[in-house]
Every structure is written in C-alpha cells, then in structure tokens.
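Open your viewer and get the selection tool ready.

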Amino acid sequence: MANIVQVAARMASGRVASLYDSSVSDNTTTAVNTGGTGLSQTPSLSLGQAYPDEVITHIGAVVEGGGSSAFNIAFIEGGNGQCKYVIPISGGGTGEMTPTLFPVKLDVGDICKVRVCTSDATEVDACVGVIYSDRSTAVFQVSAVADTKTELTNLIQGTTTWGQTAPGKVATHYYATFNNSGGLNDDGGGNNFLYVEDSSGQLKGVMFPQICRNTAYPGPTEWTKIPIPVAQNDSLFIMWGS
C-alpha cells in the first residue's frame, strides 16, 4: 500500500495548515505540500509559500497506509538549505500536534520534508532529528549495514558529520528512529541504541530508537533531553545486529 502522509501545523494567528501526500516512496526524502481531501485551501503549495510570515506554535505528522507504513523523520527545511525545525512524528493515524520547542517563523522558501518506509525485516533507514541549545536544528540519516558500525551524516548537507554540523553547540533535544520489524539488535551483533563517540572512541551519548509504525507504536516521538556537547571530531553511529 501507498504511504499516506499528513502534516498539521497551528499558527500563532489561529490558522491551521494541512500538508498532504498520498503516495510517498519508501526511504526517499520527499517534499509534502498543502493538501487534504475535501479541505478548503489552495493545494500544492510549499509550507512557506502558503503561510509566509506565520509563526508555528504546534505541529505534528502522521503516516498511514496499512500496518507496515512507518515514519522515519519529518522536518522543515529553510530556503537557505538548513534545517529550520524537526517535527515530532507518529504512525498509524494516532498522532497529535505538539507545542513547538520555540516559535518557528515561516519564510517563503520553507519546505516540509519527510522520510517514511515499509517496516519489515529488510528496512535499514536510520534517522535522527536534533535541536541545539541555540535553537538551530539538524537531521541525520544512514542506511544501516548488518553487523557493521555505520556513521550517520547530515541528511540535507550530505557528507557532513555530527561533529562538523554543530561544533561547539549542545544537543538538548533529539529523537532517533529505526523501523526494522526485527529491531535494532535482534541477533546480538550490534547495539540496542544509536550513539555518539568522540575522536578517541569514548561514548558521549546514546539514543534509543523509537518506532513509528501502526497503532501498536503510535507516537508521537518523544524528545530525549539529556544534553550532548558537540565537538568537531565527534561522530554519530548505528551498529545494527541482524
């Protein structure tokens, strides 16, 4: 079945946005524009085009499409090519709009983007969304390799690492997802969490992945709030045991 994504955002003005795509491909970063069945609004506009200068106070995103559709990450990308906000995500149509951690003012170039998947034993997409102490944000992704230590990099900027993305900052809120139906470490050949290491290999932080699939794992994702200071040579890894 198709992955059906809908994002809702409430503005400080009281306006509410609906973004909708009824056919999002697995493991592909996809822009989701205004839409929704029977809703009275101009369709197919980006979030920034439809609501310039509005300020988001609450936001949420849900994926539907049968019991195996799952959400990996959702975020707002600014016209400058930087992540503007990381969106809490839900599976199974049971999500909600949650308050933003800070007011998110929209500009014309802003786009809402998502990654979803079919949750089965072959799914390998690992994602992390982060908000830093200075209100900057970032998203990271990698295709995990069985029984192999694999580094996540900045989803928007490509090869930029965890440390290169935000040196000197502190990650204050973050969530991780890995929607393989067998879990992250079902054969004991990996680790049960994603993790940050410094340049000497010392562990600096861990992120237990959340599952955003059907009504058994409804979401929305919850922020982990244990601070992780970021240094230039730090790296973010996943070790998938399968």
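Start by selecting Arg115 and Asn27: the side chain of Arg115 reaches the backbone oxygen of Asn27 at 3.1 Å, a polar contact (a pair of N or O atoms within 3.5 Å; within protein, one must be able to donate a hydrogen and the other to accept it, and residues adjacent in sequence count only if both atoms are side-chain atoms). Before going further, note that this is a predicted model, in which local features need pLDDT of at least 70 and side-chain atom pairs count only at pLDDT 80 or more, while totals for chains, interfaces and linings use all residues. Residues are numbered from 1 along each chain as its sequence is written, and side-chain values use heavy atoms, with hydrogens and water left out.

Is Arg115 buried or exposed? Arg115 is buried, at a relative accessible area of 7% (buried means under 20%, exposed over 50%, partly exposed in between, with a 1.4 Å probe and protein chains only). Colour strand β9, residues 111-118, to see where Arg115 sits; strands (E, at least two residues) and helices (H or I, at least four) are DSSP runs numbered from the N terminus. Now show what Arg115 touches, not counting residues up to four places away in sequence: among them are Asn27, Phe71, Asp125, Cys127 and Leu155 (contact means heavy atoms within 4.5 Å).

Next, move to β10 (residues 125-132) and β14 (residues 170-178), which run antiparallel and are joined by 7 bridges; strands pair if DSSP finds at least two bridges between them. Pick Tyr132 and you will find Ala171 of β14 as its bridge partner. Widen the view to the open, antiparallel sheet of 5 strands, ordered β13-β11-β10-β14-β17. At its edges lie β13 (153-154) and β17 (228-229), each pairing on one side only.

Now select β1, residues 3-11. Its covered face holds Asn3, Val5, Val7, Ala9 and Met11, while Ile4, Gln6, Ala8 and Arg10 make up the uncovered one. Which strands does β1 pair with? One is β2 (residues 16-24), antiparallel with 7 bridges, where Ser18 is the bridge partner of Ala8. Between β1 and β2 the hairpin has 4 residues, and Gly14 takes a positive phi near 100 degrees. Another is β4 (residues 55-64), antiparallel with 8 bridges; there Ala61 stands opposite Val7.

For the last stop, pick Thr98 in strand β8, residues 98-105. Thr98 counts as buried at 17% relative accessibility. Leaving aside residues up to four places away in sequence, Thr98 touches Thr57, His58, Ile59, Pro88 and Pro220.
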